[in-house]
Amino acid sequence: MPYRKQMAVENDSSITEFILKGLTDQPELQLPLFVLFLVNYTVTVVGNLTLMNLICLNSHLHTPMYFLLFNLSCIDFCYSLVFTPKMLMSFVSEKNTISFTGCMTQLFFFCFFVNSESFVLTAMAYDRYVAICQPLLYTAIMSPGTCSLLMFGSYLMGFVSAMVHTGFMIRLDFCDSNIINHYMCDIFPLLPLSCSSTYANELVSSVVIGTLIILSSLIILISYAMILLNVIHMSSSKGLSKAMGTCGSHIITVGLFYGSGLLAYIKPSSSESVSQGKFFSVFYTLVVPMLNPLIYSLRNKDVKLALDRMMKRFTG
């Protein structure tokens, strides 16, 4: 009897690899989607690397705003490396497998980068508040030390939340099914595969994600409320348009990131809702990192000027 009990315990964690179901199981869509997301991945990598190089190589972009933007591009670049190559494989391979260790590693880095990005966007909102509402003190408040501290705090919060999510996921036993109904290892697609209680995971995920969203959203909303009050009291139309131009790119990025992220994590109640969840996941994991460098370069005179100089250097 003790031997039989021991065998049962060992079998609780019998799964050593998972099968990623991917976006769709319709064969006619595999090749078009592969081409589409390969183009998306190429634009994301080239766009973010270009923006990072422009900020590094142009001294007039060595300001707090562009330091934060450099970190955002760096996160988006690394973020896309975590799951896009594996996702592309699912379109061309018959069975897209990932080891248990690989799955937990992917989950950790996904949580790390997505949570870090939310706090970098929060720091950028604070930067815009200081630039518009405290312009004379901007250089003193947003000093290199303050900027470095803001980024360290963003990455630290991302690391802690990733450790919590991954730690709670590792303690689960997986023995029922190894098919993940997603294109990556994420928290909610993994939970239904566990044959042990997921109550603690669901509770911790809700608390951690809820706290991060509330905290970052509050700071962003307060920053923009203060900016709005300041803008209302501006008598100059030139000052008003400058303020809105400065904030426009950030507002678009925040709206896309938080909007699609929240829609992706509304708990699915049917197979149709699961498909919708996948669609919104694609939007904030693949489309947003691609759009960020485009949004900031197309709407920003300084970046466009730096890009023109770089193009002339290569062509001339």
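Here are some numbered notes on the predicted model above, meant to be read with the structure open.

1. **Ground rules.** Because this is a predicted model, local features need pLDDT of at least 70 and side-chain atom pairs count only at pLDDT 80 or more, while totals for chains, interfaces and linings use all residues. Residues are numbered from 1 along each chain as its sequence is written, and side-chain values use heavy atoms, with hydrogens and water left out.

2. **Overall layout.** The chain has eleven helices and three strands. Helices here are DSSP runs of H or I with at least four residues, strands are runs of E with at least two, and both are numbered from the N terminus.

3. **Burial and surface.** Of the 316 residues, 44% count as buried. Buried means under 20% relative accessible area, exposed means over 50%, and partly exposed lies in between (1.4 Å probe, protein chains only). The accessible surface of the chain is about 16,300 Å², and carbon and sulfur atoms hold 69% of that. These areas come from the Shrake-Rupley method with a 1.4 Å probe; for residues, only the protein chains shown count as cover.

4. **Contacts along the chain.** Take the contacts in the chain with a separation of 6 or more: 79% of them join residues 24 or more positions apart. A contact means heavy atoms within 4.5 Å.

5. Two cavities of 30 Å³ or more turn up in a search of the whole structure. A cavity is a set of points, on a 1 Å grid over the protein atoms alone, where a 1.4 Å probe fits but cannot get out; lining residues have an atom within 4 Å of a point. Grid points are joined across faces, edges and corners, and the volume is the space filled by probe spheres set on the points. The largest cavity holds about 40 Å³, and its lining is made up of N53, L54, L57, N58, A306, M310 and R313. Helices α2 (27–57) and α11 (301–315) each give at least two residues to this lining. By class there are four nonpolar, two polar and one charged residues; Ala, Val, Leu, Ile, Met, Phe, Trp, Tyr, Cys and Pro count as nonpolar, Asp, Glu, Lys and Arg as charged, and the others, Gly among them, as polar.

6. **K304 in α11.** While you are looking at helix α11, find K304, which lies in it. K304 is partly exposed, with a relative accessible area of 38%.

7. About 30 Å³ of space lies here, lined by H165, F168, M169, I187, N201, V204 and S205. The elements giving two or more residues to this lining are α6 (144–170) and α8 (199–232). The lining has four nonpolar and three polar residues, with no charged ones.

8. **F188 in α7.** F188 is found in helix α7 (residues 187–190) and is partly exposed at 29% relative accessibility. Leaving out residues up to four places away in sequence, F188 touches S205, I209 and Y265. F188 and Y265 are 77 residues apart in sequence, with 8.2 Å between their C-alpha atoms.

9. **Aromatic pairs.** The structure holds 19 aromatic pairs. Rings of Phe, Tyr and Trp (its six-membered ring) pair if their centres lie within 6.5 Å; planes under 30 degrees apart count as stacked, over 60 as edge-to-face and the rest as tilted. F37 and F91 are stacked because their ring centres are 6.0 Å apart and their planes meet at 5°. This pair links distant parts of the chain, with F37 in helix α2 and F91 in helix α3 (residues 64–92), 54 residues apart. F37 is buried at 7% relative accessibility, and F91 is buried at 8%. F257 and Y258 give an edge-to-face pair, 5.4 Å centre to centre with 90° between the planes, and both residues are buried. Ring pairs also link Y79, F83, F110, Y183, F257, Y258 and Y284 into a cluster.

10. **Y296 in α10.** Y296 sits in helix α10 (residues 271–298) and is buried, with a relative accessible area of 6%. Not counting residues up to four places away in sequence, Y296 touches L69, L72, M124, S249, H250, T253 and V303.

Terms used. On a 1 Å grid over the protein atoms alone, a cavity is a set of points where a 1.4 Å probe fits but cannot get out, and a pocket is an open set with protein on both sides within 12 Å along at least five of seven lines; lining residues have an atom within 4 Å of a point.
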